[in-house]
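These are my notebook entries on a structure that I had not examined before. I record here what I looked up and in which order.

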Amino acid sequence: MAKSDASNGKKAGRLSSTFSQIKQVYSFTREENPNLALLLATAFCVPLAAEIVLGIIFHFGIAGWILWTITALLCSAIAAMTVLSKKADKVGYEKIEGQPGATGVVLETLNKNRFYRFPKEPVWADPRTKDCLWRGTGLSGIFLVGEGNYGRVSKAMDKQEKSLQRITAGSAIPVYRIYSGNGPKQTRLSEVAKQIRKVKKAKMTRDEFEELNKRLATIDKKNQILNIPGGIDPNRPQRISRRAMRGK
């Protein structure tokens, strides 16, 4: 009895959390889309209207009306959620577009798919110009995604691709380049993830994909150690001055 109550409590909690998230997304999106409620209502009503028209044309019986009404309600909910999701994504992209590091935020969404791996931190960044370069992997190959000035990012990609030759030499693993931005030869922020997903032809098995990521992680770790100032042990946490943190 106690287990059943606990299970019901968890389900109710998850349901409440889901509705809370939907409410937050709706509020966030409605700030930029005053007509959002009308759009969602339209998306919800279209499948129901279609069901009514079909029912009249084909003379549904009681069982038919019940079955098709349930189906129409499910389609209505999916249609409304799809519209909300697309509008929310559009608003999200518009809010972060042009900000340094925005491309990294978009790339992180690809990690929800287990066939992509994009680290949070860029493999190269220019602190002066804010240009950045991320390196990610997928079953289709290695992706170099740059943000900032096309010429500077292209040179950084050249260097990164040369360093990757130690890993990809003798293999058929391709390297794809994507330039994030609004200029010529660049891909808009909202299209970056789509551009990566378009490359669907698998060049590696799942095991080869994992092995590639292990090798990349090893090289990154070595590079981090080489860039650490002398006298600092990377395996031992450094003591931070509280006075320095207070700015005194």
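Entry 1. I began with a pair of residues: Tyr116 stands opposite Gly138 in strand S3. Tyr116 belongs to strand S1 (residues 116-117), and I noted that S1 and S3 pair in the antiparallel sense over two bridges. I took strands (E, at least two residues) and helices (H or I, at least four) as DSSP runs, numbered from the N terminus. I counted two strands as paired if DSSP finds at least two bridges between them.

Entry 2. I then noted the basis of the work: this is a predicted model, in which local features need pLDDT of at least 70 and side-chain atom pairs count only at pLDDT 80 or more, while totals for chains, interfaces and linings use all residues. Residues are numbered from 1 along each chain as its sequence is written, and side-chain values use heavy atoms, with hydrogens and water left out.

Entry 3. I looked up the other partners of S3. Strand S2 (residues 124-125) also pairs with S3 in the antiparallel sense, over two bridges, and Ala125 stands opposite Cys132 in S3. The hairpin of S2 and S3 has six residues between the strands, and Lys130 takes a positive phi near 70 degrees there. With strand S4 (residues 141-147), S3 pairs in the antiparallel sense over seven bridges. Thr137 stands opposite Ile142 in S4, and the hairpin that joins S3 to S4 runs through two residues.

Entry 4. I asked how many residues of strand S3 are buried. Seven of the seven (residues 132-138) are buried, so S3 is largely enclosed by the rest of the structure. Buried means under 20% relative accessible area, exposed over 50% and partly exposed in between (1.4 Å probe, protein chains only). In a regular strand the side chains alternate between the two faces of the sheet. In S3, I found Cys132, Trp134, Gly136 and Gly138 pointing one way and Leu133, Arg135 and Thr137 the other way.

Entry 5. I turned to backbone angles. Most residues other than glycine have a negative phi. His59, however, has a positive phi near 55 degrees. His59 lies in the loop between helix H2 (36-58) and helix H3 (62-96), and is exposed, with a relative accessible area of 67%.

Entry 6. I checked Lys185 next and found a positive phi near 65 degrees. Lys185 is placed in the loop between strand S5 (175-180) and helix H6 (189-198). Is Lys185 buried or exposed? At 66% relative accessibility, Lys185 counts as exposed.
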